[in-house]
Amino acid sequence: MAYFEQIGTIAYEGPKSKNPLSFKYYNPSEVVAGKQMKDHLRFAMSWWHTFTHRGNDPFGGPTIFRPWDETADDIARAKARVHAAFEFMEKAQIGYFCFHDADIAPRQGNLLETNRVLDEVVEVIRQEMARTGIKCLWGTSNCFSDEKFVHGASTSPNASVFAYAAAQIKKAIEVTQLLGGENYVFWGGREGYETLLNTNTSLELDNFARLLQMAVDYAKKIGFTGQFLIEPKPKEPTKHQYDFDTATVLAFLRKYHLEPYFKMNIEANHATLAAHTFQHELNMARINGVFGSVDANTGDPMLGWDTDQFPTSIYDTTLAMYEVLLAGGFTTGGLNFDAKVRRGSFQEDDLFLAYIAGMDTFAKGLRVAAKLIEDGVFEQFIAKRYESYAEGIGKDIIGGRVGFSELEAYALIHGVTPNTSGRQEYLETVLNQYILES
Ligand code: XUL
Ligand code: CO
């Protein structure tokens, strides 16, 4: 059965096309900076927002009613969603998907039954993957929605909740391995606190690290070679999330000797919520060698919460792809649209239009970023700005050949040379020029 009968495969028609169901900038097989666009961008669909989201918000129930949700039997519904999801990905030319255990199969009364149903649905996914060649970018476990996770999962004060979360994650890693997932994501849904008045932060952080170490050990044991990723987010649902931002996660990983096993899954709006730019978070991951993958959705700058919107700002995607290219591009990672259509965008074709918007915006960003790097626009400027460290006293500082006494002697004799302008406005103008002309 086809769910999107009116829609064919979305094709590249170029920037002059007026056909909304076409790509204007994303030309999958076109080579940009030595690689086909599809291999640079590695677009992924998020199962949860695309196939289970019904438009609910805190003020109202569903506004989105999908044909694949019509059956009352929740296992049949999960299987119908698999067929709809693969038809959608094929038609939208999306090569990867990401999932939580809870999105792909309905939970049952106990863990054993939940896992049995999960296996049943995973088998249908496996068949669809074999039929289409679509791959799994990453899997994860939902350790935040269920009531038992009210006080956290690995950071819960209740040890039996820690055990249950571990069991759930064990299974999710196994399923990810079975589906050939290239990564496994940890997003600490409720790993944080609401108030310090009832919280032992020291024990909670130790336990968080214990759970991650167990995951590392178990992956080794079963031969799961996918990359482990941590997705930083500063707030929501808890007031303070332990994985606040890249720098905080790095400090945590280093304290517990976990850094070799984890990279970052950077989400654009999580950066915004931490009062950083998307580019900042990607930059921090890149310079620390922990750049892994991207959740490409954006927020609304007027709102302080996680709106999970499809990205349409070329400015942001240009600077994001600039960092991704400087990081050497994606290896196991990709661009996952952890994004949902607005509550008011309830038609089936809105799903296609939303993904087209996001994919075209990133494709355009890639084109601009590749040109900026090819021309060395910012690299040359930056190299010149720091040239005082390439010779003389600067070289001695970097080489560790001088300390306070030598520097005092230097300063007493030489004083300081004049500073040069940072030229921010000029650089911003050049960036605009590249966005408009590339
Ligand atoms: C939550 C979020 C998650 C993770 C996976 O803000 O982004 O959906 O991407 O659990
Ligand atoms: Co995300």
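How many nonpolar, polar and charged residues form the shell around ligand 1? By class, this shell holds three nonpolar, two polar and six charged residues.

The structure is a predicted model, in which local features need pLDDT of at least 70 and side-chain atom pairs count only at pLDDT 80 or more, while totals for chains, interfaces and linings use all residues. Residues are numbered from 1 along each chain as written, chains are lettered from A and ligands numbered from 1 in the order written, and side-chain values use heavy atoms, without hydrogens and water.

**View 1. Surroundings of ligand 1.** Residues with a heavy atom within 4 Å include Trp48, His100, Lys233 and Asp306.

View 2. Oxygen atoms of ligand 1 lie 2.6 Å from a side-chain N or O atom of glutamate 231, 3.0 Å from one of histidine 270 and 3.1 Å from one of aspartate 306. The protein covers 94% of the 300 Å² of accessible area that ligand 1 has on its own (Shrake-Rupley method, 1.4 Å probe).

**View 3. The cobalt ion (ligand 2).** Glu231 (OE), Glu267 (OE), Asp295 (OD) and Asp338 (OD) coordinate the ion at 1.9 to 2.2 Å; donors are N, O and S atoms within 2.8 Å of the metal (3.2 Å for Na, K and Ca). Along the chain, the donors follow the spacing E-x35-E-x27-D-x42-D.

Notes. Polar contact = N/O pair within 3.5 Å; in protein donor to acceptor, adjacent residues only side chain to side chain. Nonpolar A, V, L, I, M, F, W, Y, C, P; charged D, E, K, R; others polar.
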